[in-house]
Amino acid sequence: MKIFISMLSALLCLQLSSFAQYPTPSLIPQPVEMKIGRTTDNFTIANKSTQVFISDNSLRPSAEFFISFIKKYYLLDLTLTTTADPNRKNVINLIKEYPAQQRTNIKNPEQYSLEVLAKSVTIRSSAPAGAFYGIQTLIQLLPPSPKPFPLQIKAVSITDYPRFAYRGMHLDVSRHFFDVSFVKKYIDYLAMHKLNYFHWHLTDDHGWRIEIKKHPRLTTVGAWRDGSIIGLYPGKGNDDIRHGGYYTQAEVKEVIKYAADRYITIIPEIEMPGHSMAVLAAYPELSTTPKQPKKVAETWGIFNKFNNVLLPSDQTFNFLEEVLTEVMALFPSPYIHIGGDECSKIWWKQSAFSQQLIKEKGLKDENGLQSYFIHRIEKFVNSKGKTIIGWDEILDGGLAPNAIVMSWRGEKGGIAAAKQKHKVIMTPENFMYFNHSQFLKDDSLTAARYLPLADVYNYEPVPTVLTPAEAKYIWGGQGNLWTEYITNPAKVEYMLFPRLDALSEVLWSPKPKRNFVNFKERLKEQFRRYDMMGVKYSKRYL
């Protein structure tokens, strides 16, 4: 018996020693499948002698991204080559081909395989996007320290692909403007977490942020406000500080190219028919109350005192079509977000023109008028080969035929849209609004709600009430960052991390692999990486 116990103890020690020798990498989001190799098979990156080989020129952006990352954070120089050499002994290969583990009858362009051996690292994917996600995983296999020598990559074999096709993150630049350099950094954060859509909220009551050449007053007037309320709504006075800014069309193109190189599609949002005070400050003739004084909003919320709703006239529609024509010419995205939320119907109720239009068109009420408005805009957008996305209020009065619904008022809108066979992006406020406080007693001014990390991580985008056929219309999910109380880049990062990590795992990783306790352990290494990269996050998670 003693001999048996001794053998069992020795076996257990051997297993513990093995686990210690081959620790599981702390990857976020968790991959579909990962096998750990032996430390003798670890790959070493050597300055100037390690080469990055690409089998196809379409993989060059991914290779250059990795080479740039290694140079910036590890101060090592790697060389790019397009010449195949089977005898090369220290190489990172990016190969354009279907991975051997490709799922049966499914060719997902975002799928990749990654294998790390002593002499080579090989990433295989059928398309450039998959190779790029393989690179993001490879970066997380590096030690999260700027001076680890030798620089080793753990031996692993990974097969990976996303759960959802739409993996999005939003940034509001209307309430507070962020310059091009920070928007690029924000896009890098999304790429790092394998997100593939950036929802750029460009217009609202508080500022118009995109140059429209045919209507210059949108930026000369609409991009600037003379102050902002102090503290939480309704506020404690006004700071009387002029605030504003906008992106030129050249800058927009620059950002679009930057995102495209990271396989991120930018979806612009042009708000209508509500949230339009910046428009009406510039062009009051588009209002239901054209003689009433207008200015860019200095307070937050839905306005019943100040008119922020567009008149549904031919003049307004002509104006919007001219704006959208320029926007659609800039953005290659097949999707245009047209807002549609929080339209205060009181202004249409008080408008003789609007009431007459309701009668002429045989509409039931003001909700029907909003539906008419969205239908008319959708028809124009569709004529340009694009599809509209709207907040779930576009369901009110009847959903436009081809519209995609972004469900923010809980799950109800998403469920209704899916049952009507419309694509849905789930972004319910109580799980996906990162402008809400991370802690019950937060150390900064935030929107007066609470969204802890655990709630984000444990969110399930597919409502249980949907049938399997209906559930297929859940395209994915998105986190939102509204900036009423976020005035600078450091606070954007503070509000974003680590809830962005949780979001990435919700949208990428297989549902059965999600485990919050394990996730928190993996975050420890991610925080070390953030420290190396200079990313701000709350130290209260440590």
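I began with a bridge: Met272 has Gly339 as its bridge partner in β17. The model is predicted, so I kept to its limits: local features need pLDDT of at least 70, side-chain atom pairs count only at pLDDT 80 or more, and totals for chains, interfaces and linings use all residues. Residues are numbered from 1 along each chain as its sequence is written, and side-chain values use heavy atoms, with hydrogens and water left out.

**Around β17**

I noted the naming: strands (E, at least two residues) and helices (H or I, at least four) are DSSP runs, numbered from the N terminus. Two strands pair if DSSP finds at least two bridges between them.

I looked up the neighbours of β17. Strand β16 (residues 265-272) pairs with β17 in the parallel sense over two bridges. Strand β18 (residues 387-391) runs parallel to β17, joined by three bridges. I found that Tyr335 has Thr387 as its bridge partner in β18.

Is β17 buried or exposed? Five of the five residues of β17 (residues 335-339) are buried, so the strand is largely enclosed by the rest of the structure. Buried means under 20% relative accessible area, exposed over 50%, and partly exposed in between (1.4 Å probe, protein chains only). I checked both faces: Tyr335, His337 and Gly339 are buried on one side, and Ile336 and Ile338 on the other.

**The barrel**

I traced a closed barrel of eight strands, β10-β11-β16-β17-β18-β19-β20-β23, with parallel pairing. From one strand to the next, the twist averages 30°. Its axes are lines fitted to C-alpha atoms, for helices over the stretch in contact, with angles from 0 to 180 degrees between N-to-C directions.

I also checked β10 (residues 166-172) and β11 (residues 197-201): five bridges pair them in the parallel sense. Asp172 has His201 as its bridge partner in β11.

**Helix α3**

How far apart are the end C-alpha atoms of α3? They are 19 Å apart, which agrees with the 18 Å that its 13 residues (128-140) should span at 1.5 Å a residue. The expected span is 1.5 Å times one less than the number of residues. I found 13 of the 13 residues of α3 buried.
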